[in-house]
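The sequence and structure come first.

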Amino acid sequence: MKMSNKLRLFKNLCFFGIAILVLQACGSTKTLVTTGKTSVVAKIDLINVVDDKVNVVLDPGAFARDTISFFIPKTVPGTYSDDNYGKYIEQFKAIDYKGGELKVDKLDDNTWRVINAKDLDRIDYWVNDTYDTETEVDEHVFSPAGTNILEGKNFMLNLHGFVGYFDGLEEIPYSLEIIAPNGLEPVTSLTKGIQDVNKPETDVFVAKRYFEVIDNPIMYSKPSTETFQVNDIAVTLSVYSPNGHFTATSLKAGMEKMMRAQKAFLGEINSTKHYTIILYLSNMDDNDATGFGALEHHTSTVVVMPEQISKERLEEAIFDTVAHEFFHIVTPLTIHSNEIQYFDFNDPKMSMHLWMYEGTTEYFANLFQIQQGLITEEDFYQRLMEKVERSKTFDDRMSFTVMSNNILEEPYKDNYANVYEKGALINMALDINLRELSGGKKGVLWLMKELSKKYGDSMPFEDDKLIDEIVAMTYPEIGKFFNDHVIGEIPIDYDKYWEKVGLLATEQEQSTGYFFDGEVPYIDVDPSNDNAIFVREGIQLNSFFNNLGAQGGDIIKSVDGKITNLVNIRLLIGQSINWDSDKEIVLVVQRGDEEITLTGKVGIPTLNVVKLVSVDGASDKQIELREAWLNG
């Protein structure tokens, strides 16, 4: 996804990043237009790759009308961006029953209209992958939602990039027939079809409708797969590591521990019997994936991370990322509106409930870790305060429901990443409210369980009625909270909630690095501007940058007379470990159209941070509410 709807890794500096996404959908069931065809057959050839492209052939059966439109998705669930996958389709042809070509009008990037459709036998086209272009264009596809064609080694089949749909045929079954090179095996949650004994080299997969096709990615690679049981859920972990740095076996233990804790947290909520984790590790070169994070599906997730990362950091990254994605089985994959149940891939209508789809999911991804003893209270509090700080970089008076409805448009899409910050904090405040009003018995997890009982993966709710239903299930005070802080534009007073649970936000000074605060860099690289090094915007800078007078967005042209480039800045970061506090430094920065020289001593870098601490003398009532909140 674009910068407005994903968190991006600082590729050349820290080799570590998280990006988390959410499902959306819209539309209504449409009338079929075939005459007796039981399914659309899609054939994908992964053996005869030509110029890094693969051939796809679709047989839709017979049509009863003269023209028919064929679509490749513009937008897919979970991305909140217009990615226009049709831009990667080439040599599109409509073939009649005699082998000739029918007239085709290309209406836009994603739509082809076939003339004389009664004579249509099949659609034939070639697909280019998205990973090759990520460093070339600004509006590129987010890697976990993208496609990879690496002949003989790896095929990342996010199927919305390969298989399209005909107008009116979205609700009929699909059959996928895929031929792949020897030694490459598929991993997916998609149901296997009946194997043709005369075509042992062909993998067959079936789907009940088009949504199920794009909801089940497939990765072909040399097998590195582990399966383990978490209660009644069979979890499959598949890893593609181009240089063999990691295997599914080496990552299994940490993943299993995390998912067992998640299942214990969820309790009886269970909407799947099988879950697939597809982990793609990138070389990070110009022709490989650079958008790190994940995209959720009903029974699987695609995770993209850098291969150069250490095992410890990789496990930390996929721990938080997969935790978030797995919790999507609660919402929106189980609890969702009509906009999601009937998603229109080329003219999507967005739901108003990102506060739940992403906010609840992100909140659970942190809450379960404290409740299951995976992190300390201090760790949990720090995560909350980091979200408070990051949420301040967005419009705090923007209605969350209005933002959700209009997330594909400005200025709302520039605030998308706030669903992971303020969205989680909305749920934190809602959780404390519910615990307080119910004497500690009810919280957001209780609420999600009740909604899961009422609805389900095939029974959507009415988008504009959900909040009223929640209020009816709970307390009038919850209605005021939603009206003020979710529908309305009143910022949440977090201090009020800290007080309820006997906590206090206090500012403290802590040491930091000159260019990094732990894993978080103060500088970044702009690959679209000749790899210019710049001071990051939207974050709190440390005393080193503040005392020099640097500002977010400053492009660092030189340091102590040396031109700044990737090689020099890496050397400088390494040297900074041994700097004396009295060292004088000269930075030349570009700020807009002006070149400015900044001078001063490097000092001892510090950062003022706000921490949550327990209040001395907290009342029994405050402590009891805190215990109910943290321990469930």
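## Cavities

Two cavities of 30 Å³ or more turn up when the whole structure is searched. A cavity is a set of points, on a 1 Å grid over the protein atoms alone, where a 1.4 Å probe fits but cannot get out; lining residues have an atom within 4 Å of a point. Grid points are joined across faces, edges and corners, and a volume is the space filled by probe spheres set on the points.

The second largest cavity holds about 30 Å³ of space. Its lining consists of Phe515, Phe545, Ile556, Val559, Ile569, Leu572 and Leu587. At least two of the lining residues come from each of β26 (555–559) and α15 (566–576); helices (H or I, at least four residues) and strands (E, at least two) are DSSP runs, numbered from the N terminus. By class the lining has seven nonpolar, no polar and no charged residues. In this classification Ala, Val, Leu, Ile, Met, Phe, Trp, Tyr, Cys and Pro count as nonpolar, Asp, Glu, Lys and Arg as charged, and the others, Gly among them, as polar.

## Model and confidence

The model is predicted: local features need pLDDT of at least 70, side-chain atom pairs count only at pLDDT 80 or more, and totals for chains, interfaces and linings use all residues. Residues are numbered from 1 along each chain as its sequence is written, and side-chain values use heavy atoms, with hydrogens and water left out.

The average pLDDT (the predictor's confidence in each residue, from 0 to 100) is 90 for the protein, and 93% of the residues score at least 70. The pLDDT is below 50 over residues 1–36, a stretch that has 176 contacts in the model beyond near neighbours in sequence; contact means heavy atoms within 4.5 Å. Where pLDDT is low, the predicted coordinates should not be read in detail.

## Second largest pocket

A pocket is an open set of grid points with protein on both sides within 12 Å along at least five of seven lines. The second largest pocket has a volume of about 640 Å³. Of the 26 residues lining this pocket, Glu212, Asp215, His298, Thr299 and Asp457 lie nearest its centre. Two or more lining residues are given by each of β14 (202–207), α1 (210–214) and α4 (338–341). The lining divides into nine nonpolar, 12 polar and five charged residues.

## Strands around the cavity

Strands are taken as paired if DSSP finds at least two bridges between them. Strand β26, which contributes to the cavity lining, runs antiparallel to β28 (584–591), with four bridges. Val559 stands opposite Leu587 in that pair, and both residues line the second largest cavity.

β26 is also joined to β27 (562–563) by two antiparallel bridges, and here Val559 has Lys562 as its bridge partner. The hairpin of β26 and β27 has two residues between the strands, and Asp560 takes a positive phi near 50° in this hairpin.

## Other strands

Strand β15 (218–221) is covered on both faces: Ile218 and Tyr220 on one side, and Met219 and Ser221 on the other, are all buried. Buried means under 20% relative accessible area, exposed over 50%, and partly exposed in between (1.4 Å probe, protein chains only). β15 runs antiparallel to β9 (154–157), with four bridges, and to β12 (185–187), with three. Met219 stands opposite Met156 and is also the bridge partner of Val187.

An open sheet of seven strands has the order β4-β7-β2-β1-β11-β14-β13, with mixed pairing. Its edge strands, β4 (89–96) and β13 (191–192), each pair on one side only. Within the sheet, β2 (53–59) and β7 (120–128) pair in the antiparallel sense over six bridges, and Val56 stands opposite Tyr125.

## Tyr165

Tyr165 belongs to strand β10 (165–166) and counts as buried because its relative accessibility is 3%. Its contacts, leaving out residues up to four places away in sequence, are Ser69, Phe70, Phe71, Glu170, Tyr174, Tyr210, Asp344, Phe345 and Asn346. The C-alpha atoms of Tyr165 and Phe211 are separated by 9.9 Å, with the two residues 46 apart along the chain.

## Backbone details

The peptide bond from Thr331 to Pro332 is cis, with omega near 10°; Pro332 is in the loop between α3 (311–327) and α4. The bond from Glu410 to Pro411 is also cis, with omega near 0°, and Pro411 lies in the loop between α8 (400–405) and α9 (422–437).

Asp52, in the loop between β1 (40–50) and β2, has a positive phi near 65° and is partly exposed at 24% relative accessible area. Met284, in the loop between β18 (274–282) and β19 (293–296), has a positive phi near 70° and is buried at 9% relative accessibility.
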